[in-house]
Amino acid sequence: MLDGELAVWQPLALRLAGPAAEADDSDPNPFLDYRLMVLFVAPSGRTIVVPGAFDGDGRGGGAGDQWTARFAADEPGQWLSLIHISEPKRRTPISYAVFC
């Protein structure tokens, strides 16, 4: 899900359901053991890599499956986002592609 106004320089939050965790988990730790990386591809073809993080329930609670990356487009048009989540107990990462 994309939160925010789709306009140049307006902050956006790309939110997605991922591995469930609690903020105080230690094995695995959602802040240290998981990696959320989003590759944004501009209409011009330029790429920007943005890290994301565990966001609990997405409403301030420490337990949940919400993961968030924040971004602001610097050129107009349709952007592609390639989402990659690596989990410590999976051999292969989870990947998504989203047009925005």
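This is a predicted model: local features need pLDDT of at least 70, side-chain atom pairs count only at pLDDT 80 or more; totals for chains, interfaces and linings use all residues.
Before I start, one cut-off: a residue is called buried under 20% relative accessible area, exposed over 50%, and partly exposed in between.

First, the core. The largest nonpolar core in this model holds 17 residues. Within it, L36, V38 and F40 have the most contacts.

Take L36 as an example. Leaving aside residues up to four places away in sequence, L36 is in contact with L16, then with V50, P51, G52 and A53, then with W67 and T68, and finally with I83, H84 and I85.

Now the charges. How many salt bridges does the model have? The count is five. I will go through three of them.

Start with D55 and R15. Their side chains form a salt bridge, with N to O at 3.1 Å. D55 sits in the loop between strand 4 and strand 5, while R15 belongs to strand 2, so this pair links distant parts of the chain, 40 residues apart. Let me restate that without the "so": D55 is in the loop between strand 4 and strand 5, R15 is in strand 2, and the two are 40 residues apart.

Buried or partly exposed: which is D55? With a relative accessible area of 23%, D55 is partly exposed, because that value falls between the 20% and 50% cut-offs. R15, at 18%, is buried, because that value is under 20%.

One partner is D74, whose closest N and O atoms to R46 are 2.5 Å apart. D74 lies in the loop between strand 5 and strand 6, and R46 in the loop between strand 3 and strand 4, so the bridge ties together parts 28 residues apart in sequence. Both count as partly exposed, D74 at 28% relative accessible area and R46 at 33%.

The other partner is E75, which meets R46 in a salt bridge at 3.2 Å, N to O. E75 is also in the loop between strand 5 and strand 6, and this pair is 29 residues apart. What is the relative accessible area of E75? The value is 16%, and E75 is therefore buried, being under the 20% cut-off.

To close on R46: this residue, in the loop between strand 3 and strand 4, forms salt bridges with D74 and with E75.

Terms used: Residues are numbered from 1 along each chain as its sequence is written. Side-chain values use heavy atoms; hydrogens and water are left out. A nonpolar core is a set of buried Ala, Val, Leu, Ile, Met, Phe, Trp, Tyr and Cys residues joined through side-chain atoms within 4.5 Å. Buried means under 20% relative accessible area, exposed over 50%, partly exposed in between (1.4 Å probe, protein chains only). Contact means heavy atoms within 4.5 Å. A salt bridge is a side-chain nitrogen of Lys or Arg within 4 Å of a carboxyl oxygen of Asp or Glu. Helices (H or I, at least four residues) and strands (E, at least two) are DSSP runs, numbered from the N terminus.
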